[in-house]
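Visitor: I would like to go through this model with you, one region at a time. Where shall we begin?

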Amino acid sequence: MIEKRFDLIQAMQVKFSKSKRLLYLVSIPLGIAVYALGVLSIFPIPREYLIVIAIFALLFQIVAFVTRQYALRCISEGEGIRRMAMIQDGLGKTFTHIELAAAGTCLGKNREPAFLSPYYDSPEQPGWRRLVDITAECAHFTYTVTKIISMVLGAIILVLIVAALAILLFTSQAVETLATRDIIAKIVTLTITSWAVGDLAAMWMQFRSLSGEAKQILAECNGALKAGEVPEHQGMTLFTAYNCAVGQASPLPSWAYKLAQPALNKSWRDSREMDS
């Protein structure tokens, strides 16, 4: 039996909102705390304090691991609901309560930025052409936001590396005490390994790669739409390609979306007016 439509966009945003809180407000700050404890342990301090530092570092890492795993679960469920939302809006499919329950849909507190209704701004009628148009819209938004994120993260990583190397170079020339040099060298090494090749660098690579893939998918979707009628196999291929690309990256931080939001809808509609 077919049931009335469920608000999949709201359910999707609830999942992504929860995953972002766990990842960006718990897991990553705990990683920063572990880094700070690592720096603190480099200095000559009493043994009893070192033991306390080691215990806290272990506990923080355990909590960070657990919250990251739960965040990944929320991301996975959110991605599944997002795909259902695209299919529901693009193809006109209505999902049963059994399918919705299997996808983990639920209502809860949504802290995602408000969007201009409708969520998908396509003038096409339900069908494969509309689904490809929606996929192109999503790819456009993803490309724009991930480009901003990758630029910001890349700049932060570059500043950290340059600052760490500058401190190391200055220390080798200005500091005469061997013990002090050793401490600063360890701090610089820990800084580079923690952030230049750690979570920050991994996120930068994820978003940079996603930006390039989203741009390519957007071009392919536009090409398919310009060609006229979109066959099922082509629509499914583009839809799947976009979802595979997005599923490999962390959820887009809300600050990046808020930063780009004033220009996002306008740039998308302007691009559609130019194509028409």
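Guide: We may begin with a bend: helix α1 bends by about 25 degrees at Leu-23. Please note that this is a predicted model.

Visitor: What span should α1 have, and how far apart are its end C-alpha atoms?

Guide: Helix α1 covers residues 8–42, and at 1.5 Å a residue its 35 residues should span 51 Å. Its end C-alpha atoms are 50 Å apart, which agrees.

Visitor: And what about the span of α2?

Guide: Helix α2 runs over residues 47–91, and its 45 residues should span 66 Å at 1.5 Å a residue. The end C-alpha atoms of α2 are 65 Å apart, in agreement with that value.

Visitor: What does the backbone do just after α2?

Guide: Gly-92 follows there, with a positive phi of about 80 degrees.

Visitor: Changing topic: how many aromatic pairs does a search of the whole structure find?

Guide: The search finds 1 aromatic pair. Its members are Phe-56 and Phe-60, with 5.9 Å centre to centre and 55 degrees between the planes, and the pair is tilted.

Visitor: Where do Phe-56 and Phe-60 lie?

Guide: Both are in helix α2, 4 residues apart, which is about one turn of the helix. An α-helix has 3.6 residues a turn, so residues three or four places apart point the same way.

Visitor: Why does Phe-56 count as partly exposed?

Guide: Phe-56 counts as partly exposed because its relative accessibility is 41%, and partly exposed covers the range between under 20% for buried and over 50% for exposed. Phe-60, at 25% relative accessibility, is partly exposed as well.

Visitor: Now to Asn-243: is it buried or exposed?

Guide: Asn-243 counts as buried, because its relative accessibility is 6%. Its place is in helix α7, residues 232–246.

Visitor: Which residues does Asn-243 touch, not counting those up to four places away in sequence?

Guide: On that basis, Asn-243 touches Arg-82, Arg-83 and Met-86.

Visitor: One last residue, then. Where does Glu-213 lie?

Guide: Glu-213 lies in helix α6, residues 199–226, and counts as partly exposed at 30% relative accessibility.

Visitor: What is Glu-213 in contact with, leaving aside neighbours within four places in sequence?

Guide: Glu-213 is then in contact with Ala-245 and Gln-248. The C-alpha atoms of Glu-213 and Val-246 are separated by 8.9 Å, although these residues are 33 residues apart along the chain.

Notes. Residues numbered from 1 in each chain as written. Predicted model: local features only at pLDDT ≥ 70, side-chain atom pairs only at ≥ 80, totals over all residues. Heavy atoms only, no water. Helix = DSSP H or I, 4+ residues; strand = E, 2+ residues; numbered from the N terminus. Buried < 20%, exposed > 50% of the residue type's maximum accessible area, 1.4 Å probe, protein only. Contact = heavy atoms within 4.5 Å. Expected span 1.5 Å × (residues − 1). Bend = angle between axes of the 7 residues up to and from the residue. Phe/Tyr/Trp six-rings, centres within 6.5 Å; stacked < 30°, edge-to-face > 60°.
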